[in-house]
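This report covers a helix and the backbone of a few loop residues. Please keep the sequence and the structure in view while reading.

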Amino acid sequence: MNHTSFEGIGMTSRRTRDRLINRLREQGIENELVLNTVRDTPRHIFIDEALAHRAYEDTALPIGYNQTISQPYSVAKMTELLLAGGPLERVLEVGTGSGYQTAVLAQLVPYVYSVERIRPLQEKARKRLSLLKLRNAQLRHTDGGMGWPDKAPFDGILVTAAPEEVPPEFLVQLAVGGRLVIPVGGQSQQLKLIIKESEDSFTTEIIEGAKFVPLLSGTIR
Ligand code: SAH
């Protein structure tokens with residue numbers, strides 16, 4: 001990608017980004033493709049200017065409407081889990097938010113579909129993705145608790161907001177062999193990897209504790 005217009009800004013320096021990548025490595029991220037993609041994705045453009053100087057810290061940051069841009073570690077971990085079974089063709093993301101996770105996915109997967117329930121967030125995300133010339137991500141303003149049935153089946157589904165229970169629609173919309181990466185729970189959440197082994201059998205692996213905003217129903221215009 002060409003980020004000419006951002007060059008020379010201290011926060012985008014190679015060193016600042018390498019520091020983040022080293023931290024992700026220390027926390028166990030191993031997939032070099034994922035690490036390189038996180039390094040090459042300008043996270044500061046997904047955050048309001050007042051907070052942009054913190055873009056390469058490994059922390060979630062507010063993006064308005066009570067929502068947050070995911071922590072780089074979470075983005076790297078979830079993407080790594082999604083890709084661990086081999087390359088994927090079609091991925092659904094639930095919770096576009098800032099569009100940062102969408103941008104990372106769009107550089108690793110040919111077709112990305114992403115749904116967001118808060119329209120103004122979705123519109124900002126759309127502008128950022130187009131600024132980065134990532135044209136293989138389709139966005140939709142909808143309650144993603146139902147997935148995106150028209151575009152199913154998906155080889156992967158990555159959920160960036162936590163439901164209390166796994167919505168059955170996600171399982172239905174997975175292709176056989178497909179992978180669902182999802183935080184589940186209320187106060188205490190667990191990151192889960194669910195693999196669809198056949199039309200009616202699934203394996204679930206609990207990866208670690210998680211802290212995501214809740215998956216809510218309905219939409220906001
Ligand atoms: N991937 C985003 C994370 C944003 S936080 C990023 O990197 O910035 C999670 C997002 O999920 C929020 O924007 C929230 O509005 C959205 N969300 C919550 N419930 C949803 C639902 N039912 N359908 C679609 N989006 C939802």
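Helix H3 is mostly covered, with 12 of its 12 residues buried, where buried means under 20% relative accessible area, exposed means over 50% and partly exposed lies in between, using a 1.4 Å probe and protein chains only. The buried residues of H3 include Pro72, Tyr73, Lys77, Glu80 and Leu83. Helix H3 runs over residues 72–83 and reaches 16 Å from its first C-alpha to its last, close to the 16 Å expected at 1.5 Å a residue; the expected span is 1.5 Å times one less than the number of residues. Helices (H or I, at least four residues) and strands (E, at least two) are DSSP runs, numbered from the N terminus.

This is a predicted model, in which local features need pLDDT of at least 70, side-chain atom pairs count only at pLDDT 80 or more, and totals for chains, interfaces and linings use all residues. Residues are numbered from 1 along each chain as its sequence is written, and side-chain values use heavy atoms, with hydrogens and water left out.

The loop between strand E1 (61–64) and strand E2 (67–69) holds Tyr65, and Asn66 is found in the loop between E1 and E2 as well. Their values are tabulated here.

| Residue | Phi | Relative accessibility |
|---|---|---|
| Tyr65 | near 55 degrees, positive | 45%, partly exposed |
| Asn66 | about 65 degrees, positive | 77%, exposed |

Elsewhere, the peptide bond from Ala152 to Pro153 is cis, with omega near 5 degrees, and Pro153 lies in the loop between strand E5 (137–141) and strand E6 (154–159).
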